[in-house]
Amino acid sequence: MNFFLLTSVPLIISTGAVRLGVQRLIFFFLSLCLTTGFVFITGAGSGLGRALSAELVKAGFTVVGAGRRHSALAETAAMLGDKFQPVVLDVSDARATQHV
């Protein structure tokens with residue numbers, strides 16, 4: 001099973017979104033995900049990560065969404081349904097990421 005990783009860090013906004021525009025950036029990521037059907041997104045509990053998760057679920061993908069706050073991920077899961085699978089994870093913790 002293949003996964004494509006999307007991370008909602010400011011670098012994406014400052015480089016890709018300025019040149020391509022946010023909508024075109026989302027379509028670019030979608031085109032990379034077409035063969036897998038699964039996407040792993042960090043920061044999925046709020047902001048850009050939540051917005052990307054919502055767009056990808058709407059497009060038919062299964063999203064595994066990581067974030068540090070259980071409550072924020074639970075809100076996202078309630079909004080997006082069964083196609084969103086929350087994982088409480090701090091990606092800055094190297095030990096924690098080894099178990100995912």
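Arg-50, Ser-53, Ala-54 and Val-57 of helix 3 touch Ala-72, Glu-75, Thr-76, Met-79 and Leu-80 of helix 4, where contact means heavy atoms within 4.5 Å. This is a predicted model, with local features needing pLDDT of at least 70 and side-chain atom pairs pLDDT 80 or more, while totals for chains, interfaces and linings use all residues. Residues are numbered from 1 along each chain, and side-chain values use heavy atoms, without hydrogens and water.

**Exercise 1.** Work out how helix 3 and helix 4 are oriented.

*Step 1.* Grab the geometry: helix 3 (residues 47-58) and helix 4 pack at about 25°, with axes 11 Å apart. Axes are lines fitted to C-alpha atoms over the stretch in contact, and angles run from 0 to 180 degrees between N-to-C directions.

*Step 2.* Angles under 35 degrees count as roughly parallel, so helix 3 is roughly parallel to helix 4.

**Exercise 2.** Sort the residues of this helix contact by type.

*Solution.* You get 5 nonpolar, 2 polar and 2 charged. Asp, Glu, Lys and Arg count as charged; Ala, Val, Leu, Ile, Met, Phe, Trp, Tyr, Cys and Pro as nonpolar; the others, Gly among them, as polar.

**Exercise 3.** Find which elements give two or more residues to the lining of the largest pocket.

*Solution.* Look at strand 3 (62-67) and helix 4 (70-80).

Notes:
Helices (H or I, at least four residues) and strands (E, at least two) are DSSP runs, numbered from the N terminus. Angles under 35 degrees count as roughly parallel, over 145 as roughly antiparallel, 65 to 115 as roughly perpendicular and the rest as oblique.
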